[in-house]
Every structure is written in structure tokens, then in C-alpha cells.
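Here's a quick briefing to read alongside the structure. Have the viewer open and follow the residues as they come up.

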Amino acid sequence: MSNNLCDLSQSNEYLSFRSSIPLRKIDVDADGFKVWKIFDSGPKSVTCPLICLPPVSGTADIFFQQVMGLASRGVRVIAAEPPPYWNIKEWCDGFKRLLDYLELDKVHIFGASLGKWICSPKVYRINKELSKILCNTFTDTSVFEYNDSSALFWLLPSLVLKRMLMGNFTAEKVERRIADSVDFMVERVESLTQSELASRLTLNCTPCYVEPQSLHDIPITIVDVWDESALSSTVREDLYKSYPHAKLAHLKSGGNFPYLSRSDEVNLHLLIHLRQFDGTALTSSYLSLHKMPPHNQLQSDEGTVSFFNQRDKFVKIS
Amino acid sequence: MSSRKKVLLKVIILGDSGVGKTSLMNQFVNKKFSNQYKATIGADFLTKEVIVDDRIVTMQIWDTAGQERFQSLGVAFYRGADCCVLVFDVTAPNTFKSLESWRDEFLIQASPRAPENFPFVILGNKVDLDNRAVSAKRAQQWCQSKNDIPYFETSAKEAVNVELAFQTIARNALAQETEAELYNEFPDQIKLNANDNNRNRDGDNCAC
């Protein structure tokens, strides 16, 4: 059976992630229906963690390289996967309950192609957001084209929904790391249920008015990939215009899932983003992100690939 | 390779602490200069759109910390660099002597495909000061000995040659980028067959 798993699922880092960090299921409504799945890593004393939210096609574990990579810098990272929510209000209520349950004061959000709605005023009013990193809104942007039919998603069979999503995945003529990330995501899509897929697609196709002004007072970094498989440049330009004050972290290549295919670069941008809160009450790490961690913390187990853990790759200048 | 495709150029600035790396970047990107010295802590970057030979390109300029103890970001920021700018202070000979080791350091960390042809640009900064200690001739000689690296004498404070230097940096970076892309026309072999479980053991430098 394991032979059929893709390379990333069999990689040492993924296995080490799954064996060291438990998947927690949190029933926020206590009715057994709305269960968030989370991986919570790092010191619980940090109450302003980085929360990673997956795209339509993803599960919480797609952020394993962020969790593992940033853990060595003392950052508390929570990869969270929502249960099926069918509208933005439901999602917001659920998210707020999750944060309350976890006793978090404020959070930094790393949103991977979540669609426009994540920036809607309703989400903003949760009022626990400190900063945001937005990454590659490609997959979902193209799904926006289904606006008219979105009302029907709930009754489409999962096979059809999966086809809709996977139609966006390019696997031709790409380099290995990108191909691996696509394989990994295909596996995640396959694991999703009909209601998970249908609700996420519905949510993403919900028309919503975004008031960029409302976001002007929080720091935003936009991570985007400039290769052909990802966002069209018009979509990117629109995104920049919506957030004129955002820090733009462009990657040359990486495909649609750079957190998997370019995890070290994405982690670097996450670190640079989070670093601005160093030494304040809003920091996401118990260590200073400006300084190199002491060497004993870098004693990596085999299976951790993020560059943070690779001692010999640190810059040493004599 | 379509010429319409937007180009991202990654430029890395290296040099001893206090030579003016951050000031040069700020002068170029924001047209600002401050006399106040503040050590850069950890690498950071700014982006700027420039026009090179009628093409709009986006430069992502990485400023680094000259002091070792702040070098906390690892190799990811060297990856995919298109040009490396080495800066020294014309009033401080030691910073000039360090150029060699900065250059070596860069080549080791970034490991570009053709190290001997990788574009570097040398900037002798602070020419506005009187107490000059490294002559232009000496700097030029060194640059010539290193495969004719372009050399500019700059002043971030008085915006002398900054624009010109970065134009050259952008042009050389663009040439490098274009070349790198030609290589990418021949991507690694991809096996889409999930049954082939040998492939993550090929000793590729991928993260597996």
C-alpha cells in the first residue's frame, strides 16, 4: 500500500513530522459535526502563533515543512484545517471558537490561496489578526469562474469536484520539486470528502466585497510565484493594488504550492515577516528571530530537510 | 521564452559592516539617505521596478548584514541570485581586502552554474569623504584581475553613480537570468509514475 504513496509522503521529514506532532481534532461546537483538524507545534507559552490555513485542495499536513522548519526557530506554528463551512459567517464563527478554545490572544495568518473571502471585513472583524501572509491565490482564482454554478456544488459528486480542482494542477514539464508538490497535493485532494470539497469550493466562489482599507493597519506580506504555472500577471497586479502597502515576496519559480516545492524560501519569507514582531508581546517565537539560534538547537535529526536545520549550510564568514 | 514574461532579478549585496550596503539600497530604491548608522540585523530585501533596454524588470535587492553574528537566514536567500554586488568603503582598506573572501563566500553559497562567468559588480562607496585610502586605480586593477568585474565609485550620501551602478547591475543580472532560463528549457526528467519509488533516492539536491 505504501508503495502507492508519493515521494513527499514517504520523505523522512514528512514521516518525522507525523510521528512527532499529533493530529488533534477539536470539536468547536461540541456537536460532533464541526471538527477542526490541527497540528500544533512549538511552545504553548507563545500565545500569538502563526496559523497556516490550507487552500481548497489541501489538508493541514501540507504545511509540514513550515511546522518543522520554523519550529527550530522557536516559532509556534499551528496548521489548521477547517471542517465543512458553507458560508463566511459560519467559517468566522468557527475560527473564532477555535482560537478561543486554544486560548490564543492574537494570531499571524499564513493563508495559502484562500480566495478573496479571507480578506473580507467579516473575517477581519474576528479582531484577533495581527498580520497576514498571503500565498499564491491561483487555484482558487480560477475556480472563481464557477461563480454561477457554485450554488450547485453541494450536490455534485466528489469525483466531479476533484476533477474541477485537479484540472488546475499542471504536471507537465516541471522540475522535480514542483512535480513532487503536485503529487502530494493530488493525494490530499483524493483524501477529502464530498462535503469538504463542496463546502470549500462554495466558500471560495461566494462573491464578497473586499475593503482593502480595513486591512491597512496590519502588516501584510504577499508571497507569489512568477513561473508560468502559477498566477497570471493580471491577477497578481490586482492583488498588489488591493494591498499597496504589502511587502512583496516574489519567488522565481515554485508552481502552485510553493510551501511544498520551495519550502526554504517560503520559510525565509515567513521568518522575515514574523521578525518585525521580535521582542514585542506579539511575537510568534520564544527566541529572537533576528539571531541565529544556538548550535545545539540545530542538531537535526535525519529527516528534517529545512535549511534551518542544516547546520553546515549556515553562512559563516570569517 | 516570450519577451512579454515579467522578469524577476535577484540581486544580493555583500560587504563588510558599515560600508554602506543598506544606504546604497535605500538611495537606489527610496532616494533617501540617513547619516544615522544602524547595523542591519538579518537579511532583508526591497523590490523595485526598473527599465532595462525597454524591458520592465523587477529587481529584488537583498541587503545582508555585514556582521557574522547576524547572518541568520541561511542559503535560501542566495538561491537563484542573478547578480552579486560587492561593496567596500574607499576610506577603509580592510573592507577592500575583504572583497575576495566575500566573492568566494558568495560562490560557495550560491553555487552558480558557471562561477567564472557569474556577474559581480564592485562598488567603492563613500567617495564623498576626504580621507580616501583605496585608490581608484588599485580597485580597478583588482576588478580587472577578476575577469573584468565592472567597478563603480559611488556615494550613497550624495547619490553619486548609484543609479548608474544599479542600471549596470540590472543589465548584467538580466543577461544572467536569460541564460539561466535557457538551461531551464531542458528540465529534469520527470516520472509521473507513482509506482516508481526509487526516484527520491537519486541523490538529487531536492529536499527529500
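B:Asp54 counts as exposed because its relative accessibility is 77%, and the cut-off for exposed is over 50%. This is a predicted model, so keep that in mind as you read. B:Asp54 sits in the loop between S2 and strand S3 (55-63) of chain B, and its phi is near 70°, a positive value in a residue other than glycine. Most residues other than glycine have a negative phi.

**Other positive phi values in chain B**

- B:Ala159 also has a positive phi, near 55°.
- Look for B:Ala159 in the loop between strand S6 (151-153) and helix H5 (162-184) of chain B.
- With a relative accessible area of 44%, B:Ala159 is partly exposed, because that value falls between the 20% and 50% cut-offs.

**A buried loop residue: B:Val134**

- B:Val134 belongs to the loop between strand S5 (120-125) and helix H4 (136-145) of chain B.
- Is B:Val134 buried or exposed? It's buried, because its relative accessible area is 0%, and buried means under 20%.
- Not counting residues up to four places away in sequence, B:Val134 touches B:Phe88, B:Val90, B:Pro93 and B:Phe96.
- B:Val134 and B:Thr91 are 43 residues apart in sequence, yet their C-alpha atoms are 6.4 Å apart in space.

**The nonpolar cores**

- In soluble globular proteins, nonpolar side chains tend to be buried together.
- The largest nonpolar core here has 80 residues, and those touching the most other members are A:Leu50, A:Phe110, A:Tyr259, B:Phe88, B:Phe106 and B:Ile122.
- Helix H12 (residues 263-275) of chain A gives the most to this core, with six residues.
- There's also a second, separate core of 28 residues, which includes B:Ile13, B:Val50, B:Phe152 and B:Phe166.
- Back to B:Phe88: leaving aside its neighbours within four places in sequence, its contacts include B:Val19, B:Phe96, B:Leu99, B:Ile122, B:Val134 and B:Tyr151.

**The second largest pocket**

- The second largest pocket holds about 1200 Å³ of space.
- Of its 45 lining residues, B:Thr22, B:Asn26, B:Lys38, B:Thr40 and B:Asp63 are the closest to its centre.
- What classes of residue make up the lining of this pocket? It has 13 nonpolar, 22 polar and ten charged residues.
- Elements from chains A and B contribute: strand S7 (220-225) and H12 of chain A, plus helix H1 (21-30) and strand S2 (44-52) of chain B, each supply at least two lining residues.
- H1(B) gives the most to the lining, with six residues.
- Within H1(B), the buried residues include B:Lys21, B:Leu24, B:Met25, B:Gln27, B:Phe28 and B:Val29.

**Chain B overall**

- Chain B has five helices and six strands, running β-α-β-β-β-α-α-β-α-β-α from the N terminus on.
- Buried residues account for 49% of the 208 residues in chain B.
- Among its contacts between residues at least 6 apart in sequence, 72% join residues at least 24 apart.
- The chain exposes about 10100 Å², with carbon and sulfur atoms supplying 46% of it.

Definitions and conventions. Residues are numbered from 1 along each chain as its sequence is written. Chains are lettered from A and ligands numbered from 1 in the order in which they are written. Side-chain values use heavy atoms; hydrogens and water are left out. A nonpolar core is a set of buried Ala, Val, Leu, Ile, Met, Phe, Trp, Tyr and Cys residues joined through side-chain atoms within 4.5 Å. Buried means under 20% relative accessible area, exposed over 50%, partly exposed in between (1.4 Å probe, protein chains only). Helices (H or I, at least four residues) and strands (E, at least two) are DSSP runs, numbered from the N terminus. Contact means heavy atoms within 4.5 Å. On a 1 Å grid over the protein atoms alone, a cavity is a set of points where a 1.4 Å probe fits but cannot get out, and a pocket is an open set with protein on both sides within 12 Å along at least five of seven lines; lining residues have an atom within 4 Å of a point. Grid points are joined across faces, edges and corners, and a volume is the space filled by probe spheres set on the points. Ala, Val, Leu, Ile, Met, Phe, Trp, Tyr, Cys and Pro count as nonpolar, Asp, Glu, Lys and Arg as charged, and the others, Gly among them, as polar. Accessible areas come from the Shrake-Rupley method with a 1.4 Å probe; for residues, only the protein chains shown count as cover.
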